[in-house]
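Please look through the structure below before reading my notes. Keep it open as you go.

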Amino acid sequence: MTNEKLKKLAKLTVRLKVIDPKLSYFVLRKLPRKNLIFYLRYLKKLLDQDTVRILSATKLNAGLRRIIERKYREKNVIFVKDRVGDGIKVVINDTIIDLTVKGFIDQTMHKLKSEI
Amino acid sequence: MSNNNIRMQEFLKEIEKRIQTIDVIPLASNEGSIISIGDGIVNASGLSQAGFGEEVEFQGGTRGLVFNLDEEQTSIILLSESPELVEGMKVKTTGRILGVNVSENLIGRVINSLEEPLDGKPLKSGGKLYPLEKIAPGVIERQPVDTPLKTGIKAVDAMIPIGRGQRELIIGDRNTGKTAIAIDSIINQKKRDLGLKQVICIYCAIGQKRGNIARIVAILEAAGAMDYSIVVVASASDSPALQYLAPFTATAIGEYFMDRGQDVLIVYDDLSKHAWAYRQISLLLRRPAGREAYPGDIFYLHSRLLERSARLSEKKGGGSITSFPVIETQAGDVAAYIPTNVISITDGQIILEADLFNSGIRPAINAGLSVSRVGGAAQTKIMKQVSGPLRLELAQFRSLAAFAQFGSDLDVETQKQLDRGKRISEVLKQSQYQPYDEAAQVVSIYAASAGLLDDLPLEKVSEFEQKIYNYIEVKNKKLTQSLSRGEKMDNKTLEELSSEIDKFKKTLK
């Protein structure tokens with residue numbers, strides 16, 4: 001199967017929003033390993049494009065969650081517990097916005113060093 | 001103790017003040033993960049914001065350079081050995097273009113392509129960041145080449161003069177003395193002949209054996225040339241990525257000094273191995289292979305590198321980068337792919353021949369094929385005066401000598417031409433690591449080209465050539481001073497010089 005067809009298949013999977021048993025049977029049984037890797041990687045890419053992951057060390061309160069969800073209204077917001085220290089990290093596709101205290105200190109240090 | 005406290009408080013206050021003025025914007029980085037690793041090449045997914053030539057950082061601090069941006073993946077070349085990297089590991093962009101921190105502290109040091117010291121001494125941090133890849137100076141920012149860069153080699157300074165800001169290719173088979181010419185030129189910069197500005201020399205070794213490089217560094221140290229030289233090393237045992245980057249590092253360092261108004265000489269030893277390293281990387285990246293399996297942009301690789309050698313206008317400080325790219329040919333084939341590319345890029349070439357080298361003519365320069373396209377304007381008037389017909393005479397002699405092998409009956413005129421040619425050849429021979437002053441070169445070349453050695457037995461020419469300058473220096477200091485000025489000789493000086501040569505010849509007979 002060509003890469004273009006695999007991409008179409010992945011897009012179809014995302015559009016359906018449910019894992020179709022026939023499709024999963026086809027993907028897992030019929031696709032060669034190389035094609036399967038490509039399909040899964042592209043599927044992950046598509047899902048990542050539509051998803052915003054918020055990483056925080058503690059569970060965020062409902063008010064804060066609502067504010068974040070409102071900010072990324074068009075995307076699927078997922079809250080994940082992670083060892084990021086104080087603050088949060090926002091992961092949009094492959095871009096990470098560092099809003100942790102450690103991140104701010106690192107940035108300040110970097111700016112100070114570049115000024116000296 | 002209280003003094004220390006006060007200083008600490010002052011320091012903290014200063015830091016506080018600076019932090020208040022800093023506007024910290026949250027850091028947004030772009031991440032990806034490793035799909036595959038092999039042969040110093042990493043393929044990673046993600047990194048959608050990565051730029052071509054951007055530096056990336058792997059988990060654990062290993063550095064890489066983005067080299068291919070495909071739709072689905074990014075190819076990265078690793079800048080160091082990294083056995084700890086595994087599939088799935090994170091990699092993030094840094095927003096930095098690969099560069100080197102350059103300062104005066106680099107002079108006298110031996111470093112690798114990533115500016116890590118190789119001479120066992122620590123390198124002081126700091127300096128100005130210079131990117132490895134940079135657009136070459138434009139037409140307006142340049143000025144014509146008009147200042148000589150003396151190599152101290154009679155044959156080169158007389159027949160193939162080189163100017164500051166020129167790119168002169170040194171090309172020849174293995175073991176024909178290519179590196180020797182470059183090293184002699186570096187050593188000669190110590191003399192600061194004709195009262196010219198000091199030249200900062202950068203020797204860039206690409207794909208050479210470490211033993212060879214150590215020998216060259218030892219020679220430069222022994223000659224006192226490391227006081228104004230920097231050695232950039234990417235040996236044969238280094239990764240192709242480091243070999244690919246080495247000449248760019250050398251050029252970035254050279255640009256720092258050029259921007260400060262200084263003159264720089266860079267020796268790229270050699271660009272054939274640089275092309276091999278680039279071919280290796282390109283094939284591993286699965287880029288389409290062209291002629292001799294080199295990638296399509298191999299010409300652009302060398303042209304963009306050598307185009308950065310320039311003589312800047314006075315407005316820009318008047319600094320210059322002169323470059324000596326070295327190319328190794330196979331069986332004297334100068335019409336191969338890489339040699340023809342670099343010949344067309346440079347402003348002239350010094351062609352060395354194995355046959356001449358083996359017959360004892362060293363430097364083994366082919367006078368007929370070697371040219372300097374812009375150096376003539378930089379040659380001193382006195383050198384022009386004495387060396388005018390030299391190149392043609394030598395080229396004619398070599399072709400005549402080849403014909404003369406077949407017949408024994410030669411007319412008087414031809415025999416005379418052959419005898420003169422033999423003496424010129426003898427005079428132009430020069431030992432390694434013994435560069436000549438301009439005045440010494442003028443004396444020897446004048447004696448040969450004016451026919452003053454025609455009556456001297458051939459076996460005595462070498463002795464004459466080695467001793468004549470010292471003789472004149474002792475006997476007639478005024479004459480040597482007038483020869484050292486670089487001005488055209490008037491009739492009186494010419495007569496004086498001829499008479500001194502005649503007097504010395506008598507002592508030899």
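1. Ground rules. This is a predicted model; local features need pLDDT of at least 70, side-chain atom pairs count only at pLDDT 80 or more, and totals for chains, interfaces and linings use all residues. Residues are numbered from 1 along each chain as its sequence is written, while chains are lettered from A and ligands numbered from 1 in the order in which they are written.

2. Chain A, elements. Chain A has 5 helices and 4 strands. Their order from the N terminus is α-α-α-β-α-β-β-β-α. Helices (H or I, at least four residues) and strands (E, at least two) are DSSP runs, numbered from the N terminus.

3. Chain A, overall form. The radius of gyration of chain A is 19 Å, whereas a compact globule of 116 residues would have one near 13 Å. That radius is taken over C-alpha atoms, and the globule rule is 2.2 Å times the number of residues to the power 0.38. Along the principal axes, the C-alpha atoms of chain A fill a box of roughly 60 × 40 × 25 Å.

4. Chain A meets chain B. The contact takes 15 residues from chain A and 16 residues from chain B. Two residues are in contact if their C-beta atoms, placed from the backbone, lie within 7 Å. On the chain B side, helix H1 (2–21), strand E1 (27–38) and strand E2 (41–46) each give two or more residues. E1(B) gives the most, with 6 residues.

5. Domains of chain B. Which domains does the assignment give for chain B? They are domain 1 (1–97), domain 2 (109–119 + 127–379) and domain 3 (385–508). The bounds come from an automatic or database domain assignment. The centres of domain 1 and domain 2 of chain B, taken over C-alpha atoms, are 32 Å apart. Their contact takes 12 residues from domain 1 and 9 residues from domain 2. Strands E4 (63–69) and E5 (74–78) of chain B each supply at least two residues of the domain 1 side.

6. A helix pair in chain B. Helix H12 (residues 412–428) and helix H13 (residues 438–449) of chain B pack at about 170 degrees, with axes 9 Å apart. Axes are lines fitted to C-alpha atoms, for helices over the stretch in contact, and angles run from 0 to 180 degrees between N-to-C directions. H12(B) is therefore roughly antiparallel to H13(B) (over 145 degrees). Arg423(B), Ile424(B) and Val427(B) in H12(B) meet Ser444(B), Ile445(B), Ala448(B) and Ser449(B) in H13(B).

Key. Parallel < 35°, antiparallel > 145°, perpendicular 65-115°, else oblique.
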